[in-house]
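User: I would like to learn how to read salt bridges in a structure. Where should I start?

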Amino acid sequence: MAKITFITSDNETIVAEASSGSVMELAKDNNVTGIDGDCGGVCSCATCHVHVAAGDFDKVGAPGEIEADMLELEDNYNEHSRLCCQIDISDAIDGVTLHVVN
Amino acid sequence: MKKSALPDPFAQAREAKGYGTIEDQNDPVTMLLRLKDVRKTAKDTKTFQSGAAPGRIVVPSEVSIRDTRQIPFEVDPPMHGEYRALLEDWFKRPEQPDYRESLEEIITELVDEALQTDSLEVMEQFALKLQSRALTLLLNIPYEESDTWIGWGMHVFRSEESALDGDKAAILYDYIDAQIDKAIEHPGDDLYSVLLDSEIEGRKLTKEEVKGVMILTFAGGRDTVINAVTNSIAYFAEHPESLCRLDNEPEITAHAVEELVRYFSPLTHMGRVVTEDTQVCEHAAKADTRVSLCWASANRDASTFENPNEIVIDRKMNPHVGFGFGIHKCLGATHARQVLRVLLGVLAQKVKSIDILEQKDNIEDWGEFQRKVGYDSIQVKFHGKD
Ligand code: FES
């Protein structure tokens with residue numbers, strides 16, 4: 001089980017848990033505002049952009065090359081940016097905090 | 001080659017130099033062919049403008065046949081954002097369960113009908129009907145209205161002979177004018193009325209602005225959806241194993257839809273007007289000339305997509321630009337995705353196989369590039385599951 005904390009751009013905090021799937025799916029299941037997941041998680045829409053909390057970035061890891069190419073063109077891109085459809089849920093990311101960009 | 005295949009005519013030019021040049025009514029266009037160039041250019045709305053003379057960013061140019069500005073597509077920031085914000089929620093409605101259910105009814109009826117007949121022409125008898133009926137949901141108007149649009153036939157906005165037939169376009173424009181007047185007299189909860197009641201910068205939208213949004217809604221989602229639906233059916237005819245897989249693993253449906261949109265790229269490209277002397281892939285682009293973002297080519301770019309010319313039905317990494325990219329990305333994408341997701345679900349559930357009996361490919365002519373985008377007509381026979 002991994003517990004994930006989402007902080008929306010309106011500063012609402014949503015804590016959700018799951019043991020499989022992607023972080024984008026978890027966010028959608030929990031109606032996290034700002035995560036639309038339009039493309040269903042194939043890295044094409046960037047409507048699932050998050051900033052990983054600085055202290056958690058190592059746990060989550062850096063984006064792959066294709067994801068990084070997408071992110072670099074996004075507004076509000078920074079070195080902690082990820083598309084959360086590309087983050088798989090596992091025990092390894094238990095406890096991380098993600099700031100929703102949109 | 002399979003009958004359902006859409007070959008990639010851009011490969012050589014994309015790899016060799018990254019662009020192609022086409023003539024268009026004395027206003028030539030430099031087509032950008034690489035995914036990264038297309039994405040970067042789509043993001044740079046200052047240098048590559050959409051808010052040019054109405055019709056100029058479309059290729060072939062429609063400057064000589066229309067004055068109405070299509071909104072929000074032919075508007076740049078900051079106004080673009082204001083219009084888009086007005087429309088965003090409405091165009092997200094297709095995600096709601098009752099919208100989905102209504103779509104499922106529409107599509108189930110069409111598939112059931114198709115299963116009853118020995119020969120079905122997919123463009124006219126299936127895709128056009130589906131697109132028109134689904135559009136009543138997006139506009140939130142009575143289902144019967146779709147009969148009018150189906151009655152217009154396949155080529156309402158252009159004639160068979162010419163992509164630029166002003167008289168044909170007038171059918172749609174006059175129709176929309178009349179619908180706007182009707183909504184002014186009897187406001188309801190349809191898109192026309194909602195727009196007429198909307199405010200931008202502290203004032204009501206004008207009739208001309210409402211018309212600009214409505215034209216875009218009609219025109220932008222017509223050929224594109226019709227091609228995507230028809231191409232999907234042709235693909236499944238030659239890949240019954242994919243249909244079977246979708247039936248067994250419905251959870252891959254959303255991935256399949258993205259992959260079909262990548263491969264089909266129902267809209268080949270979209271133009272921009274260059275505002276200052278600049279460069280695109282090491283090629284000079286002068287102010288007041290046009291470039292186009294070639295989604296169809298970008299979606300086959302082998303530097304990003306593995307096996308770009310194959311449909312990999314559960315492709316996981318798929319950063320395609322089939323719905324455009326950047327602030328102008330397709331406003332109707334949520335609707336189109338839902339149409340395709342539901343269509344795949346219903347087909348997987350009910351259809352065992354499809355035979356292609358006869359076909360006539362629709363080949364677009366872009367100077368040095370000839371691109372198959374779909375069909376002029378395709379005759380098929382559906383076989384149901386027992
Ligand atoms: S959901 Fe589309 S890129 Fe993540």
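Analyst: Start with the criterion: a salt bridge is a side-chain nitrogen of Lys or Arg within 4 Å of a carboxyl oxygen of Asp or Glu. The general idea is that side chains of opposite charge can pair when their charged atoms come close. The model here is predicted. R84(B) and E88(B) meet that criterion, with an N to O distance of 3.4 Å.

User: Where do R84(B) and E88(B) lie in chain B?

Analyst: Both are in helix α3 (residues 79-92), four residues apart, which is about one turn of the helix. R84(B) is buried at 9% relative accessible area, while E88(B) is partly exposed at 31%. Elsewhere, salt bridges with shared partners link D24(B), D27(B), R56(B), D288(B) and R290(B) into one network.

User: How many salt bridges are there over all chains?

Analyst: The search of the whole structure gives 30. One of them pairs R290(B) with D27(B) at 3.1 Å, N to O.

User: Are R290(B) and D27(B) buried or exposed?

Analyst: R290(B) is buried, with a relative accessible area of 2%. D27(B) also counts as buried, at 16%, because the cut-off for buried is under 20%.

User: What is the N to O distance between E62(B) and R66(B)?

Analyst: Their side chains form a salt bridge at 2.8 Å. Both E62(B) and R66(B) are buried.

How values were computed. Residues are numbered from 1 along each chain as its sequence is written. Chains are lettered from A and ligands numbered from 1 in the order in which they are written. This is a predicted model: local features need pLDDT of at least 70, side-chain atom pairs count only at pLDDT 80 or more; totals for chains, interfaces and linings use all residues. Side-chain values use heavy atoms; hydrogens and water are left out. Buried means under 20% relative accessible area, exposed over 50%, partly exposed in between (1.4 Å probe, protein chains only). Helices (H or I, at least four residues) and strands (E, at least two) are DSSP runs, numbered from the N terminus.
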